[in-house]
Amino acid sequence: MSKYVLIFILVFIFFLNIRFNNFFMSDSLFLESCINERVFMRQINEFVFRLVRQDKVIDLYALLPSKDSFSSISEWKEVFNEVSDKYPEMVEEIFVFLGRGDNENLGFKLKIPKKTFLKNEIQYKLIADYVSNVMLFNCFWWGAQKILISSNEELFELVSNNFSRYPYNSVLNFLSEVYRFELDNSKLDLKLVSESEMANVEVPFLSLDTLVFSMGTGLANGCMFKSEEEFDVSVGNTIGIDIGGSDVKIVYKKGAEVVFKKEYNWSPMSITDNSKFQHRDVISILVDFARLKVSLDEMEIVNQDIENLKEKIFEIENDPNTEIEFILKVIEKAKKLEIKLAEVDALGLSYASIVSDEMVLTRRDKLDSGLSEKIFDEKIANLKDYLSKKFKVGVSLINDGDAGALYISNGQGEPSNFLDELGKVRINMNPDSPKHSQLGISGVLQQYLSQSGVYYFASGLGMKNLIEIAEDLPKEQRETLLARNLEIVQNELRKGNIKAMKVFERLGMILGETIKYMYSFIPIKNIAVLGRVTKFGAGDVIVKTAQEILENKYDISKEQVTIYVPAGGEEVKRFGQAIGAAYLAGRLIEE
């Protein structure tokens, strides 16, 4: 045997061993290895392509990561593009357009292997699954009421059939709730069109200035376009309220300065149609409390009654668990003392749900699921109008992700009006990966870029001192234990625990894959990462790893896409969405 043959065999075994290990590694082990192996991924793919070329057959099971591994949808797209570059005769291109409203369209092209070059017919269903999940990704990010596809009839039928069965049909129910359209036999308005018909569909060029990932109980996100207009964030007295599933945060902004901020813990899921204090009552009481606190701070002359009142105000201000009824009694006491509440020129609301045309469109499991549909429509959907009439000021309403993006941009930029439901999108094509808590879709970002993801990876690595969480635990108890486990892992990170470091590196890897995938559809300049998962240095680890994935694996430089944790300290970050809402309220004063 010649030495050249021996060298070839050894090289072959080396590359095959890397790919073989990635095939059968557990999710945790695969992610652990890939941080160091990412720079080799492109060479591995090229090696596989040469093997495929010999008999003109593409075996998807050999080409892409297989069972029990993390199979990034971004990597699927990248691999198919590379196949197209090397062997264009083996690939076809399809066109997909997502329609939303009258002339709001998002269009993109996908390159996929031709059926005639696949190892068997069954693998064409995998291609249909891939196309379906790309469509779902953009449905949840952009939104959709109709989908037009220019492809061959067989692929269209396979994709159409996917949308008529679980879990895709749960997605259709979700979209119908968002856009209030009737579903025809549980099918989205999905049409096969010719290339010539597709040419008549107008698609604007979109480019995002800022994208925000807020990693906490779940994943919230928001997008911001760069604005041609510069906004003055120092006008008037505005109040911003961030309404979330576990707390309400409120700030009073006087000109450019935040002079008051408070966090109020609540359990909004427990609010029902018959509850004494509805969501809007709690918000109204907190607005008046903020006005009262600012008014008392400005008082020069005080008496004993006012001193006593100030003591109670101080207690409430520093206790996030104060009963709302007690806060209301203190406000009523102030009114009896004829204390005038501070003026407010406009209110801004950040709501942790889907917001369109400044209306809350869908109920949230952790926020308002205790209400009937009738009461939701009366008291939540039209929350903006109610508060505007009550306080006789202009009110703006924005989803929490866009409010975070507005805070990051220092009050500049324009909210994107994207659906921004990235927690529901599938990043891991492995069907055995963790599923969305409501929709049943596997491999979704909700289960990775959140405190759930921290527990998932930490337990997979065998970290000590974690609190075990049973699958059948009630949701509120589960969220409480997830939060405690997050603190445990973050404390271990501060001590230099290597396994804790690996947990947040894995979140960073998934973030990097997600950003690359989104970037392939719409250019994005800045990515801000915030939320409780990023505390105590965890955000720095996540950002560093994500940036390395972009640079080393996908050749996307930091100058093209910058990922960062916003400056300002932990307390400022906690109130960022409330401040963003206050910024937006200030634009009502300018108008």
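## Lysine 516 and its surroundings

Leaving out residues up to four places away in sequence, lysine 516 touches Ser74, Glu78, Leu550, Tyr554 and Ile556. Keep in mind that this is a predicted model. Lysine 516 sits in helix H18, which covers residues 498-519. Is lysine 516 buried or exposed? Its relative accessibility is 13%, and buried means under 20%, so lysine 516 counts as buried.

Now zoom out to the whole chain. It has 21 helices and 16 strands. Of the 591 residues in the chain, 56% are buried. If you take the contacts with a separation of 6 or more, 72% of them are between residues 24 or more positions apart.

Two packed helices are described by the angle between their axes and the distance between the axes.

| Pair | Angle between axes | Axis distance | Handedness of crossing |
|---|---|---|---|
| H10 (residues 279-298) and H11 (residues 304-318) | roughly 130° | within 11 Å | left-handed |
| H10 and H14 (residues 383-391) | about 40° | 11 Å | right-handed |

Start with H10 and H11, whose axes cross at roughly 130°. That angle makes H10 oblique to H11. On the H10 side, the contact is made by Phe289, Leu292, Lys293 and Leu296, and on the H11 side by Ile306, Leu309, Lys310, Ile313, Ile316 and Glu317. Sort the residues of this H10 and H11 contact by class and you get 7 nonpolar, no polar and 3 charged.

Next come H10 and H14, packed at an angle of about 40°. Here too, the angle makes H10 oblique to H14. Which residues meet in this pair? From H10 there are Arg280, Asp281, Ile283, Ser284, Val287, Asp288 and Arg291, and they meet Leu383, Tyr386, Leu387, Lys390 and Phe391 in H14. The contact of H10 with H14 divides into 6 nonpolar, 1 polar and 5 charged residues.

**An open sheet**

Let's move on to strands. An open sheet is built from 5 strands in the order S9-S8-S7-S10-S13, with mixed pairing. At its edges are strand S9 (257-265) and strand S13 (394-399), each of which pairs on one side only. From one strand to the next, the twist averages 15°.

Look at the S9 end of the sheet. Strand S8 (residues 247-254) and S9 run antiparallel and are joined by 8 bridges. What stands opposite isoleucine 250 in S9? That would be lysine 262.

Helix H15 (residues 400-408) lies across strand S7 (237-243), strand S10 (346-351) and S13, and it runs at about 105° to S13.

**Two loop residues with positive phi**

Finally, check out a couple of loop residues. Asparagine 465 has a phi near 70°, which is a positive value in a residue other than glycine. You'll find asparagine 465 in the loop between helix H16 (451-460) and helix H17 (475-494). With 60% relative accessibility, asparagine 465 counts as exposed.

Aspartate 555 has a positive phi as well, near 55°, and is likewise a residue other than glycine. It is in the loop between helix H19 (538-554) and strand S16 (562-564). Is aspartate 555 buried or exposed? Its relative accessibility is 53%, so aspartate 555 counts as exposed.

Key: Residues are numbered from 1 along each chain as its sequence is written. This is a predicted model: local features need pLDDT of at least 70, side-chain atom pairs count only at pLDDT 80 or more; totals for chains, interfaces and linings use all residues. Side-chain values use heavy atoms; hydrogens and water are left out. Axes are lines fitted to C-alpha atoms, for helices over the stretch in contact, and angles run from 0 to 180 degrees between N-to-C directions. Helices (H or I, at least four residues) and strands (E, at least two) are DSSP runs, numbered from the N terminus. Angles under 35 degrees count as roughly parallel, over 145 as roughly antiparallel, 65 to 115 as roughly perpendicular and the rest as oblique. A crossing is left-handed if the near helix is turned anticlockwise from the far one by less than a right angle, and right-handed if clockwise. Contact means heavy atoms within 4.5 Å. Ala, Val, Leu, Ile, Met, Phe, Trp, Tyr, Cys and Pro count as nonpolar, Asp, Glu, Lys and Arg as charged, and the others, Gly among them, as polar. Two strands pair if DSSP finds at least two bridges between them. Buried means under 20% relative accessible area, exposed over 50%, partly exposed in between (1.4 Å probe, protein chains only).
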